[in-house]
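Here is a brief report on one structure. Keep the 3D view open as you read.

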Amino acid sequence: MKLATWNVNSLNVRLPHVLDWLAASPVDVLCLQETKLVDQKFPREALREAGYASAFAGQPTYNGVALLSRLATAGEPDAVVIGNPHFEDEQKRLIAASYGALRVICAYFPNGQAVGSEKFAYKLEWIDALARWVAEERAAHTQFVLAGDFNIAPDDRDVHDPEAWAGAIHCSEPERERFRELVELGLADAFRLFEQPPATFSWWDYRQGAFRRNAGLRIDHVLLSAALRERARGCFVDKGPRKLQKPSDHAPVVVELAD
DNA sequence: ATGGCCCGTAGAACGGGA
């Protein structure tokens with residue numbers, strides 16, 4: 001089976017890319033972030049016609065997350081939870097669902113704007129609270145995955161210009177420390193289980209021809225529980241959709257698991 | 001040295017993203 005995560009930067013604008021991508025390279029579960037859609041406008045029917053069930057949590061203008069599941073394989077979502085039970089938050093950044101024995105949390109971590117800012121403090125608090133929830137979910141479900149836009153580049157290999165980004169937002173030590181703390185809950189960064197091409201990223205700024213120059217960051221991640229790690233057979237960033245007209249600034253990250 | 005793009009909400013610029 002295949003799992004993927006993709007920050008689409010508006011599902012309204014990106015729906016054609018998502019449908020084309022799923023048709024060309026179907027995955028069983030797809031985590032979406034930055035849908036930027038209120039629930040009334042979520043394209044549930046179009047996705048169902050494409051063979052996917054949806055669970056979603058949106059708000060006007062900002063944030064918004066969704067879990068898509070292939071009806072023929074993963075089926076309908078079960079035990080859907082919106083938001084972190086341990087953290088009051090107006091912002092729609094978290095959704096969890098079960099597909100049989102598989103438990104998935106789809107996460108859109110706060111950006112943090114600048115180290116030391118109020119938004120940075122919120123980011124750290126938000127992650128600390130997420131860790132408490134993840135610890136519970138991981139303990140309750142052998143087959144557990146945390147996937148999404150973490151807005152953290154875990155180490156310098158994940159940064160196109162580590163000197164320029166040293167200590168900056170997404171690369172600061174408090175953020176990296178929290179990424180390690182999530183991993184230490186018993187999870188594995190699926191991407192690093194496999195040999196990877198150097199300078200592989202998942203996000204490139206829209207400005208300055210960043211994608212053409214491969215001036216990116218790897219900030220979108222899939223963390224796997226031990227049982228899923230045993231089944232992992234590959235993990236890659238699919239740069240295809242980033243090359244299209246009007247792309248998202250993020251590319252999908254795909255994980256392949258043995259059945 | 002700075003900002004350079006895109007999106008949603010508007011119905012003009014602006015906040016936010018990363």
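## A bridge between two strands

Start with one pair of residues. Ile105 has Leu146 in β8 as its bridge partner. This is a predicted model. The strands behind the pair are β7 and β8 (residues 143-149), which run parallel and share seven bridges.

How does the chain get from β7 to β8? It passes through helix α3 (residues 118-140), and this β-α-β crossover is right-handed.

## The hairpin partner

Strand β7 also pairs with β6 (residues 94-99). Here the sense is antiparallel, over six bridges. Leu94 stands opposite Ala107 in β7.

Two residues separate β6 and β7, and the strands form a hairpin. Gly100 lies in the turn, with a positive phi of about 60°.

## An enclosed strand

Why is β7 (residues 102-108) largely enclosed by the rest of the structure? Seven of its seven residues are buried, so the strand is largely enclosed.

In a regular strand, side chains alternate between the two faces of the sheet. In β7, Leu102, Val104, Cys106 and Tyr108 point one way. Arg103, Ile105 and Ala107 point the other way. All of these are buried.

## An exposed loop residue

Glu184 sits in the loop between α5 (173-183) and β9 (187-189). Buried or exposed? Glu184 has 9 other C-beta atoms within 10 Å, so it is exposed. Glu184 and Thr35 are 149 residues apart in sequence and 30 Å apart in space, C-alpha to C-alpha.

## Around the DNA

DNA strand B is surrounded by 23 residues. The closest are Ser10, Asn12, Asn111, Tyr206 and Arg207. The surface near DNA strand B has ten polar, seven nonpolar and six charged residues.

Conventions:
Residues are numbered from 1 along each chain as its sequence is written. Chains are lettered from A and ligands numbered from 1 in the order in which they are written. This is a predicted model: local features need pLDDT of at least 70, side-chain atom pairs count only at pLDDT 80 or more; totals for chains, interfaces and linings use all residues. A residue is near a molecule or strand if its C-beta atom, placed from the backbone, lies within 6 Å of it. Ala, Val, Leu, Ile, Met, Phe, Trp, Tyr, Cys and Pro count as nonpolar, Asp, Glu, Lys and Arg as charged, and the others, Gly among them, as polar. Helices (H or I, at least four residues) and strands (E, at least two) are DSSP runs, numbered from the N terminus. A residue is buried if 20 or more other C-beta atoms lie within 10 Å of its own, exposed if 12 or fewer, and partly exposed in between; C-beta atoms are placed from the backbone. Two strands pair if DSSP finds at least two bridges between them. A crossover is right-handed if, with the strands pointing away from the viewer, the path from the first strand over the helix to the second runs clockwise.
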